Amino acid sequence: MSPRNERSRRPKKENYFDYSLLFIIIFLICFGLVMLYSTSSYNGQIKANGDSAFYLKKQLTATILGLIAMMIIARIDYHFWERFTLLAFLLSHVLSAAVLFVGSDFNGSKRWLKIGPLSFQPSEFAKLAVILFLALVISKVSKKIKQFRTMLLVITLCGPIVALVGVNNLSTAIIILGIAVILIFVASPKYLQFILIGVGGIAFMGIFIYLEQYRAERLKIWLNPEDFDKGYQTLQGLYAIGSGGILGKGLGQSMQKLGFVPEAQNDMIFSIICEELGLFGAVCLILLFMLMIWRFMIIANNAPDLYGALIVVGIMGHIALQVILNIAVVTNSIPNTGITLPFISYGGTSALFLLSEMGLALSVSRQVKLEK
Amino acid sequence: MIKSKTFNRKKIVIVFIAIFLILLALVGRLFYLMIAKSEYYQEKADQLHEREREIKAARGKIIDATGQIVATNKTVCTISVIHNQIKEPEKVISILANELELSEEIVRKRVEKYSSIERVKTNVDKEIGDKIRSYALAGVKVDEDFKRYYPYDTLASKVLGFTGSDNQGIIGLEVKYETYLKGQNGYILTMTDARGVEIEDAAEGRMEPIAGNDLYISLDSNIQKFAEQSAAKVMKAKSAESVSIIVMNPKNGEIMAMVNLPEFNLNDPFTLNTENTGLIDEKTKQTMLNQMWRNRCINDTYEPGSTFKILTAAAGLEEGVVTLEDTFSCPGFKIVEDRRIRCHKIAGHGGETFIQGVMNSCNPVFIEVGLRLGVDNIFKYFNQLGLMTKTGVDLPGEAGTIMHKKENVGLVELATMSFGQSFQITPIQLATTVSSIVNGGTRITPHFGVSVRAYDGELIKNFTYPEKNNVISKETSETMRSILEKVVSEGTGKKAYIPGFRIGGKTATSQTLPRSAKKYISSFIGFAPAEDPQVLALAVIYDPKGIYYGGTIAAPVVQEIFGNILPYLGIEQVYEANEIEEFNIGDITMPNLVGLSKTEASSILKEYDLNVEYLNEGETVTDQFPLANETIRKTSNIILYLE
């Protein structure tokens with residue numbers, strides 16, 4: 001996709017910067033903050049002594065920090081991170097292990113590490129660390145990646161972190177695994193073995209669900225949410241989505257966010273977007289994510305080396321998996337599991353690391369040579 | 001640096017396409033949810049958000065023949081709690097328990113129950129409701145509401161009936177005319193959040209309640225009061241178990257009064273009106289309440305006794321088996337088959353004409369008439385007069401006639417039926433049947449309901465009731481009227497006689513079953529004026545102590561009622577010459593006695609033949625009542641003040 005008509009500028013050795021991606025990021029962040037305020041103001045009023053901007057302020061702080069991080073990382077050559085990759089990967093293990101012992105509870109899951117007034121979600125950091133780590137490892141062994149043994153080895157490397165994260169946060173573990181599979185898929189010239197992995201994965205999930213009673217129950221709730229008490233959240237989400245109609249009730253007019261959809265600013269935020277902005281707004285948002293993913297594809301395809309390309313593919317996989325799983329859960333297309341919607345859902349750690357990832361992607365885009 | 005290769009790019013494109021397709025599928029899913037299923041989910045969501053608050057419709061009033069309101073509504077409050085909004089549960093519990101006079105446990109149960117809204121108490125007086133509102137407790141709701149209110153408390157309680165907690169009629173006219181009186185509740189539609197807090201300026205639907213229609217009835221509260229007073233007097237004097245009185249218009253069936261003593265307080269219908277004898281369980285209490293609410297005029301049957309001879313006489317005259325001049329002989333009994341049936345006069349009435357037989361209420365005469373009629377004819381007239389079917393009175397729970405099966409009636413049964421024994425009818429049935437005999441032969445439907453009007457007076461419906469003409473001929477009806485007038489003027493019904501009024505009637509004394517209990521029912525049915533009856537009254541005294549003859553104790557009740565209501569109904573007294581003389585009837589002008597001495601005054605009054613009562617001691621008249629030059633009855637009492 002490199003613009004051929006700019007061949008004349010060749011002598012200047014001008015570097016590329018993906019402004020389209022930057023605009024998409026900024027647009028998504030702003031949209032996210034508006035929706036966050038809309039969905040969280042009621043909960044803020046109730047839980048934070050009448051401060052309807054409580055959640056907005058926290059998210060805004062994290063977003064500003066994230067933007068600063070993004071701009072800094074975007075200016076640094078991504079190869080700079082190679083030397084810290086192993087350290088970061090190991091650190092993510094340590095933090096994920098720490099959270100199991102000294103993590104603080106929220107809605108029954110230990111996912112946060114409290115450091116003074118700040119709380120930090122190690123699993124968000126783990127995703128970034130895994131992307132960087134796998135991109136580096138796979139680019140080093142890319143010649144042998146088609147061997148099944150190598151592939152297995154690479155996946156095994158991810159085993160401990162997947163296990164550590166998976167204890168409390170199965171959905172993030174699945175995303176990490178998914179990112180790993182996508183990275184290997186892209187690096188490997190083969191197809192057949194991935195089809196086998198896919199079939200194997202589905203079989204494994206099936207057994208997994210049948211072995212654990214509470215997961216089988218989840219499956220039943222998924223199929224008939226109206227018959228189960230635990231289907232409450234899913235059902236409330238569906239009410240919100242369904243009552244949106246084509247054009248929605250208008251920004252701020254959601255009824256379901258008034259305590260019916262629990263914690264509307266978190267995982268279920270997409271349902272409130274549907275209710276307020278309608279099918280039109282929801283499809284626009286999905287299109288925006290598609291555009292972003294398309295930009296990642298362009299950057300990855302034009303990256304100067306496999307390492308850079310794999311970093312961007314990892315980020316692309318990360319964003320795509322979260323968007324797909326989140327929307328699929330909210331629309332009850334798959335059984336309920338807690339996954340946030342990138343850039344939109346409430347979550348400081350998530351915003352910080354997502355923007356850092358964006359910084360990396362932009363950094364890779366800077367290395368795209370306008371002329372090869 | 002390892003360059004990415006062509007296959008890498010191809011695979012990245014494949015990943016992108018896969019993502020694209022999955023997102024497309026999700027968009028498809030969104031289309032399904034937000035277009036195809038939109039209405040379904042929207043409806044479900046609305047049900048969740050909307051709270052319907054009911055606004056009770058005002059129940060229609062009941063208005064009597066004089067325009068008096070005998071049943072209306074009063075504003076009361078309903079106290080509810082909203083669990084989610086309560087901030088100080090302990091304070092709420094103690095205040096509500098205190099103000100509403102409920103136990104703390106009951107209030108606590110309501111307050112702690114997790115529901116969107118929970119009623120604590122209904123029908124709370126407005127003052128208490130206002131007081132609770134003034135505490136401004138979070139989560140406590142005071143809604144104004146209507147409660148049925150009966151301005152006259154006990155007046156015609158068993159006729160009017162009362163309403164339950166949902167304002168629905170429970171007994172009496174309230175239940176019979178439920179559909180007209182009820183009205184249609186309205187509602188306020190509000191939106192609430194998940195905690196049940198109403199959202200301000202959210203779209204609010206409102207459906208105004210439609211007030212119930214007013215029922216206009218023929219009951220006249222003045223006549224009812226007169227009748228209740230007379231009934232109360234005799235009930236007390238004779239220590240009777242209960243007294244029932246029906247006053248109706250025999251021409252069209254409009255009931256003007258229906259008394260069933262003891263009455264109960266309609267504003268407090270769940271409290272027993274008897275002396276409470278210790279603790280009673282719920283079931284017993286309910287049975288006793290049901291008993292208290294019974295309308296004996298309609299719900300219970302009794303052996304009519306001699307009043308029923310009116311039917312036998314009418315049937316005999318109509319069928320031509322007896323004439324007024326036929327002579328009978330009463331030795332004090334009559335033998336029918338193997339039975340010796342006694343007359344109430346053990347010595348016997350001797351030789352008498354049919355008219356005299358009726359006036360004497362002589363059993364052998366009626367046995368003879370009954371036997372002459374035969375079983376077929378008796379039943380023919382029972383059917384023709386409407387005795388075998390219910391009267392169709394517009395009150396719930398009318399009891400039917402308890403009669404022998406025709407094929408089981410032998411001569412003995414025929415004989416006893418002829419003077420009103422061995423079967424049972426309701427008082428309303430007797431009053432209705434006698435009405436049709438004296439009104440010229442039209443079987444009417446007794447009723448209260450006259451019309452239904454909207455709250456603004458607009459006529460909704462005039463009730464019409466079935467009538468059946470010529471159940472007996474006009475001639476027989478006329479003959480019966482004159483015979484029955486004689487019963488009152490010269491026969492057993494003398495105690496119902498009022499000079500100047502032509503009153504017809506018949507007495508009865510019957511026994512309750514089993515006869516060994518020696519409990520009597522004493523009754524009198526009368527009508528006036530005899531030549532063109534405009535009012536008919538039946539008084540039934542259950543289980544009077546001491547003298548129990550209908551002619552002695554029931555006839556004076558009707559006499560007293562007629563004495564009060566005939567002038568009230570605008571029926572003039574017309575005196576015959578012998579009446580003027582016998583009862584000293586006429587008016588005089590009151591002379592001036594003030595200033596005269598006691599002896600002078602008394603000599604003047606002697607001339608006029610007036611009764612006098614002196615107040616205080618002394619010799620000089622200082623004041624008099626009535627005042628000088630007032631026109632007074634010759635029978636009036638004069639009061640003189642002395643000094």
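Author: A residue is called buried here if 20 or more other C-beta atoms lie within 10 Å of its own, and exposed if 12 or fewer do. The model is predicted, and the values below are computed from it.

Reader: Why is B:G449 counted as buried?

Author: B:G449 has 23 C-beta neighbours inside 10 Å, and the cut-off is 20 or more, so B:G449 counts as buried. This glycine lies in strand β15 (residues 449-453) of chain B, and, leaving aside neighbours within four places in sequence, B:G449 is in contact with B:Y177, B:L215, B:I217, B:D394 and B:F463. The C-alpha atoms of B:G449 and B:Y465, which are 16 residues apart along the chain, are separated by 9.7 Å.

Reader: Which residue is joined to B:L261 by a cis peptide bond, and which to B:A528?

Author: Most peptide bonds are trans. The bond joining B:L261 and B:P262 is cis, with omega about -5°, and B:P262 is found in the loop between β10 (255-261) and α10 (282-293) of chain B. The bond from B:A528 to B:P529 is likewise cis, with omega near -15°, and B:P529 lies in the loop between β18 (520-528) and β19 (535-542) of that chain.

Reader: Why is α6(A) called oblique to α11(A)?

Author: The axes of helix α6 (residues 170-187) of chain A and α11(A) come within 9 Å and cross at roughly 140°. Angles over 145 degrees would count as roughly antiparallel and those from 65 to 115 as roughly perpendicular, so a crossing at roughly 140° makes α6(A) oblique to α11(A). The crossing is right-handed. Among the residues that meet there are A:I179 and A:L183 in α6(A) and A:L310 and A:L321 in α11(A), and by class the contact has 10 nonpolar, 6 polar and no charged residues.

Reader: What does helix α11 of chain A supply to the largest nonpolar core?

Author: That core has 124 residues, and those with the most contacts inside it include A:L183, A:L310 and A:V312. Helix α11 (residues 306-330) of chain A provides the largest share, 18 residues. A second, separate core of 120 residues includes B:F226, B:M256, B:F524 and B:V535.

Reader: Which helix gives the most to the side of chain B that touches chain A?

Author: In this interface 37 residues of chain B are in contact with 44 residues of chain A. From chain B, α1 (6-36) and α2 (38-49) each supply at least two residues, and α1(B) gives the most, with 20 residues. The residues on this side of chain B divide into 24 nonpolar, 5 polar and 8 charged.

Methods. Residues are numbered from 1 along each chain as its sequence is written. Chains are lettered from A and ligands numbered from 1 in the order in which they are written. This is a predicted model: local features need pLDDT of at least 70, side-chain atom pairs count only at pLDDT 80 or more; totals for chains, interfaces and linings use all residues. A nonpolar core is a set of buried Ala, Val, Leu, Ile, Met, Phe, Trp, Tyr and Cys residues joined through C-beta atoms within 7 Å. Helices (H or I, at least four residues) and strands (E, at least two) are DSSP runs, numbered from the N terminus. Two residues are in contact if their C-beta atoms, placed from the backbone, lie within 7 Å. Ala, Val, Leu, Ile, Met, Phe, Trp, Tyr, Cys and Pro count as nonpolar, Asp, Glu, Lys and Arg as charged, and the others, Gly among them, as polar. Axes are lines fitted to C-alpha atoms, for helices over the stretch in contact, and angles run from 0 to 180 degrees between N-to-C directions. Angles under 35 degrees count as roughly parallel, over 145 as roughly antiparallel, 65 to 115 as roughly perpendicular and the rest as oblique. A crossing is left-handed if the near helix is turned anticlockwise from the far one by less than a right angle, and right-handed if clockwise.
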